[in-house]
Amino acid sequence: MTTATTGTTSVKGSHGAPHTRVEGPEKVTGAARYAGDVPFAELAHGWLALSTVTRGRIRSVETGPVLAMPGVLAVLHHGNAPHVDTDYVGLLGVPDPTAAVFQNDRVPHRGWPVALVVAETSEQAREAAEALVVEYEEEPHDIAFSAGRPDAYASGGPQGQDVEEKGDLEAELAASAVVVDEEYTTPEEHHNPMEPHAATARWEGGRLEVVDSNQGSTWIVNELAKLFSLDPSSVRVRSEHVGGAFGSKGVRAHQVAAVMAATVLQRPVRVVLTRRQMFSLIGYRSPTTQRIRLGADADGRLRALEHDSLSLTSTVHEFVEASAGVARVMYDAPAHRTANRVVRLDVPTPTFMRAPGEAPGSFALESALDELAEKCGIDPIELRARNDPETGPVSGLPFSSRNLLACFSEGARRFGWADRDPRPGMRREGHRLIGTGTAAASFPARAIPSTAAVTAEADGTFTVRITASDVGTGARTALTLIAAEALDVATDQVRVRIGDSDFGQAMIAGGSMGTRSWGWAVTAAARDLREQLALGGSIPPEGITARSDTSAAIGALAATERHSFGAQFAEVSVDTATGEVRVQRMLGIFAAGRIVNPLTARGQFVGGMTWGISMALHEEAVRDQSSGGNVGADFAGYHVAANADVPHVEAGWVDDPDPDDPVGIKGIGEIGIVGAAAAIANAVWHATGVRHRSLPIRPDRVLLAGEGTQRV
Amino acid sequence: MREFGYQRAVDVSGAVAQLGADPEARFLGGGTNLVDLMKIGVERPAQLVDISGLPLGQIESTEGGGLRIGATVTNSDLAAHPEVRRRYPALAQAVLAGASGQLRNMATVGGNLLQRTRCGYFTDVTQPCNKRAPGSGCPAIEGEHRNHAILGASEHCVAVHPSDMGVALAAFDAVVSYETADGPEGATSGGELPIADFYRPVGDTPHLETALPPGALITGVTLPPAPVSARSRYRKVRERASYAFAIGSVAAALDVRDGAVHDVRLAFGAVASRPWRAREAERALIGAPADADTFAAAADAELAAAQPLPENGYKVTLMHNLVVAVLTELREETAR
């Protein structure tokens, strides 16, 4: 794989210049310890036993034989586990009962945690957990997800509106010269971070301490304190290094079970999940079926836009994959209707997964735009330019900045879009058809109040303390650059400490909000510290510390449509004999606020685009209708793009500093994946003349899809 | 994981004796499949006999121009061997199409032949599976079977054999050598199985996968000389560009003289419980004009026996197209 990056961001101060990860040497030498690596004296190991039925009640847990096995210390289950309190509203709403383990005998899906076996070694715990006999009273289950579910209901989830509408949709569609009316589907997809979830809990000096891998340690503190009825100050969570999270690393069954076991046994207990267990315990992206109706005049100007998305959730917790939200930002029309609906089935609870809503939503919407461009005979980029709104299509609010067209124009230049023959099926190289496609991307740019502390040390260096989480994005490095600039010192004079809840409340690494929220708090504390230092005087041995809380500043932000934007380009080859689709090159140009560190930003963008390749061509979790479980819940069965699938990916950006952020940041965590699958699907159409409206675009689907790919 | 004993074997007869008649003992080669299966509880051996140190790591020429490949030769060494690449290029290509570099450094020839299916029901001990738990049923037939068999399956099992290497060995009429206990006092004797007889038909015993006698140790594979094999290739189709099992593959060798097929070898992967030698297709090809019509007709002759399931009918089209494509490429090579 080769990658390249360019940007027009002006280089100023410490950031803007590429900087390798400050913890890079630790990570590449193996010195960095992840949650499952940290040693503890007297450590016991817990192993979760998961249900093998999809719906029903636990009749009995046969603990006797297992307790007699070598090394086994305890078996926790609904009959003996400590009570936890789930009657609260946390950062992301009410808690998912999947994490509040062992509270009753109900089994709402296959792979539901039914017991924790604790033993002296991990191997003993696993063998005993797998030997544990659990008897069930099984009930018929329903996991059939389809567009026509009569029991689906409208909901936007805690994050968004269910239905937004204006104008007379049917009248505008009837008056349209051109109409696109299609259904698009995306499959169940799983995060699969490289590092499995792991947590160790212990009681130390009257405090509960958890060594964890998470997206926000104060978030986990707040949830555990509520669940176990503790004062948050008596809980400490640390998460030094995180090997990927993508939305899956919040409070989950393993932390809660570890706390329960540590409480019961009064010794440290570690619980680590297997890859297979992660498929049912850490959330995933719901499948979607999305219907898009577009009506336009002959010149491509939209008269009607409808985006209706159905996703699924479990019977015990509502999570909505709000895929229709993207249309509320991207395109306006006199008649505009967006609806998010959900159906409750006997499946695990889905959750936030990289670009929740926008990733599947952009596949449907940006594919439909390409179909409209084809029908109107208009270039896909020109079509988007003609429909670029002045204000928020639903809110009517101004955009803080909207540099989508600048992304398209820079991308088109670099990709060579002008030379493209718009007709499909025209480029052939041997037995392969070649095509190119494009799509737009957007993701909200938000900030959440956070606190930070910056200390001027007596030796002339500076220490930043903030409960940030570096989930592999380079956040620790970005905060080092931000602090160095705010303090006007060299980066090697700044030490950034993160991942410890004792540093105070802060935003999680999520929603593309981490670096912006933390950077704001660090900048505020650093500026305050500089003012204190400007008064002169010597620095005492304990240093001088300034603290910040951005609640007031963020609360004072004017309501506006604040988003990152981007333009995705892809070139694919399609083997007409075998149906194999390979991406040959990709280019993404983004308008995503000020870029703090081009090196790690490139990693974020290219990583997201690579995931887009995966989403377009590979990823799909198959659920067995009869058993209700995933089939092939491992890396042999669940394919993600391999290196050979990612030949040449470039990412770049245009100047787009956020006018209201002290650093100019918008956030870049999610936008790389948005629109990527649509660009690839549109390229497959351009190569073959066949539309693929269901992901992933597998060889069997291409092979059986008709024109140009029949039997040779 | 169940606790298990571990012994290291130093010679073949010792290895066979150490395994003995214990049904809960397994030979351990590279461990790339067995250890995975142990972790997920599909295999629960009480004893492992490590054969990776046996003197079976050689590749030697036989009289007449064939090759004898030791059972513990690693996949990497097999694919890199100059005589393999020269005389049986499809074999080297097949091996390199499988797994990853790290896995190929560990995986052995004997273990590759004996690797188990990657059917998602087989690898999930909470599911029924006639291959893993005889008589429990086959949920794949009504369930997820997009990558399951279209040839030679039964109502008891529709799983496919995952090996790439085995497809090339099937095309080249490999013969598997083994050593088995013979009488008391640790005596052993050798035996041979042509690859065509090495894998048993599925029938109602999908858990009995090979014709090896109980306790037998594979000692090597012999490739008979065949001039046609020098012009051969392996083409694998999979759902991503690397590190995935085939959804269809072809090993083919072709010798065209005066525009007609003089000699041919053809075998399919990912379509049956074993590497599938396409003898019907070969019969249709021999002596016929080496053109696309012949290739298509030959593919159809083999695939006439296909019994696809609702979700894997694409494999019939895929294999047809692959046969035509690979034979066409080989013919064009011959013409150059």
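Q: A residue counts as buried if 20 or more other C-beta atoms lie within 10 Å of its own. Which residues of helix 11 of chain A are buried in this predicted model?
A: They are A:Leu404, A:Cys407, A:Phe408, A:Glu410, A:Gly411 and A:Phe415.

Q: What do these buried residues of helix 11 of chain A pack against?
A: One partner is another helix, helix 10 (380–386) of chain A. The others are strand 19 (432–444), strand 24 (563–575) and strand 25 (581–591) of chain A.

Q: How do you know that the span of helix 11 of chain A agrees with its number of residues?
A: The expected span is 1.5 Å times one less than the number of residues. Helix 11 covers residues 404–415 of chain A, 12 in number, and should span 16 Å. Its end C-alpha atoms are 16 Å apart, so the two agree.

Q: What follows helix 11 of chain A?
A: A:Gly416 does, and its phi is positive, near 80 degrees.

Q: How does the reach of helix 15 of chain A compare with what is expected?
A: Helix 15 runs over residues 598–617 of chain A and has 20 residues. From first C-alpha to last it reaches 28 Å, close to the 28 Å expected at 1.5 Å a residue.

Q: What makes helix 15 of chain A mostly covered?
A: The count does: 19 of its 20 residues are buried.

Q: Why is one side of strand 5 and of strand 7 of chain A left without a neighbour in the sheet?
A: The sheet is open, with three strands in the order 5-3-7 and antiparallel pairing. Strand 5 (106–107) and strand 7 (133–138) of chain A stand at its edges. Each has a single partner strand, so one side of each stays without a neighbour in the sheet.

Q: How do you know that strand 3 and strand 7 of chain A pair?
A: Pairing needs at least two bridges between the strands. Strand 3 (residues 56–62) and strand 7 of chain A have six, in the antiparallel sense. A:Ser60 stands opposite A:Glu135 of strand 7.

Q: What does each chain bring to the contact between chain A and chain B?
A: Chain A brings 32 residues and chain B 29 residues. Helix 3 (122–131) and helix 17 (699–703) of chain A each supply at least two residues of the side that touches chain B. Helix 3 of chain A gives the most, with four residues. The residues on this side of chain A divide into 11 nonpolar, 10 polar and 11 charged.

Q: Why is chain B called as compact as a globular protein of its length?
A: Chain B has 12 helices and 12 strands. Its radius of gyration is 20 Å, and the globule rule gives 20 Å for 336 residues. The values are close, so chain B is as compact as a globular protein of that length. Buried residues make up 52% of chain B.

Q: How far apart are the centres of domain 1 and domain 2 of chain B?
A: The domain assignment gives domain 1 (5–52) and domain 2 (232–335). Taken over C-alpha atoms, 36 Å separate their centres.

Q: Why is B:Val84 called buried?
A: The cut-off is 20 or more other C-beta atoms within 10 Å. B:Val84 has 22, so it is buried. Its place is in helix 4 (residues 82–87) of chain B.

Q: Which residues is B:Val84 in contact with, leaving aside its neighbours within four places in sequence?
A: They are B:Ile59, B:Leu67, B:Leu78, B:Leu91 and B:Ala92.

Conventions. Residues are numbered from 1 along each chain as its sequence is written. Chains are lettered from A and ligands numbered from 1 in the order in which they are written. This is a predicted model: local features need pLDDT of at least 70, side-chain atom pairs count only at pLDDT 80 or more; totals for chains, interfaces and linings use all residues. Two residues are in contact if their C-beta atoms, placed from the backbone, lie within 7 Å. Ala, Val, Leu, Ile, Met, Phe, Trp, Tyr, Cys and Pro count as nonpolar, Asp, Glu, Lys and Arg as charged, and the others, Gly among them, as polar. The radius of gyration is taken over C-alpha atoms; the globule rule is 2.2 Å times the number of residues to the power 0.38. A residue is buried if 20 or more other C-beta atoms lie within 10 Å of its own, exposed if 12 or fewer, and partly exposed in between; C-beta atoms are placed from the backbone. Domain bounds come from an automatic or database domain assignment.
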